Amino acid sequence: SSGRQRLIVFDSSFLPSSAGDYDVQVMTLLPSDQMKDNDTLKSKFTIAVYQDVGPTTVCDPSMNYDYEQYVDTIYPTVFIQNYGLDKQGPFVVRAEIYDSTKSLIYSDFKSYTLTGLNSVLASFNPFPCSVKGRYTFRAFTTLSNDLDKSNDTVVRNFKIIRSNDVAISKI
């Protein structure tokens, strides 16, 4: 009969395995229906990972930049994002620098707590550019209940050079 409403509950067999936006569409299929423009209802919903933090962007060391020996100083800085909707923390963010032999030569850490979907700029102690060579910067989060470990680490390579070196070659 016209104008009546009925609540229909569907089974809960839909169990999304990954976070993201999902669309749901419900349609009625009454063959004798003469007003088909109101037979479809569409809605969008989001599945979020609730325990997930990680670095998003390395601000320093800069990409594709050669640092000058004895002139430049690196101020390790990384954006850290809480991808989930829940408050997370405290958790540790660690910054490390490795030389070309993969030896750890710098390490610093900070502790943060972030509310849902918020970010923070994590700044660490300066690293003096005192030895020429190739280096790898690595920053990572250590949230114990993190549900997505694939986004917990960022890496950036950089060089320290000596372009302004003058020396005597012959007498």
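Which residue forms a salt bridge with Lys-44? Asp-23 does, with the closest N and O atoms 3.7 Å apart. A salt bridge here is a side-chain nitrogen of Lys or Arg within 4 Å of a carboxyl oxygen of Asp or Glu. The pair links distant parts of the chain, with Asp-23 in strand 1 and Lys-44 in strand 2, 21 residues apart. Strands are DSSP runs of E with at least two residues, numbered from the N terminus.

The model is predicted: local features need pLDDT of at least 70, side-chain atom pairs count only at pLDDT 80 or more, and totals for chains, interfaces and linings use all residues. Residues are numbered from 1 along each chain as its sequence is written, and side-chain values use heavy atoms, with hydrogens and water left out.

**Salt bridges**

By the rule above, the count is three salt bridges.

| Asp-23 | Lys-44 | 3.7 Å |

Residues are called buried under 20% relative accessible area, exposed over 50%, and partly exposed in between (1.4 Å probe, protein chains only). Glu-96 counts as buried, at 7% relative accessibility, whereas Arg-138 is partly exposed at 28%.

**A nonpolar patch**

Ile-8, Phe-10, Phe-14, Val-24, Val-26, Leu-41 and Phe-45 form a nonpolar patch on the surface, with about 690 Å² of accessible area together. Strand 1 (20-27) and strand 2 (40-47) are the elements that give two or more residues to the patch. Patch members have over 30% relative accessible area and no salt bridge, and nonpolar side chains (Val, Leu, Ile, Met, Phe, Trp, Tyr) are joined within 5 Å, like charges within 9 Å. Areas come from the Shrake-Rupley method with a 1.4 Å probe, and for residues only the protein chains shown count as cover. Val-26, found in strand 1, is partly exposed at 36%.

Thr-141 sits in strand 11 (residues 133-142) and is buried, with a relative accessible area of 5%. A polar atom of its side chain lies 3.4 Å from the backbone oxygen of Val-53. Ser-111, in strand 8 (residues 104-114), is partly exposed at 48%. Leaving aside neighbours within four places in sequence, Ser-111 is in contact (heavy atoms within 4.5 Å) with Pro-90, Phe-91 and Val-92.

Definitions and conventions. Helices (H or I, at least four residues) and strands (E, at least two) are DSSP runs, numbered from the N terminus. A polar contact is a pair of N or O atoms within 3.5 Å; within protein, one must be able to donate a hydrogen and the other to accept it, and residues adjacent in sequence count only if both atoms are side-chain atoms.
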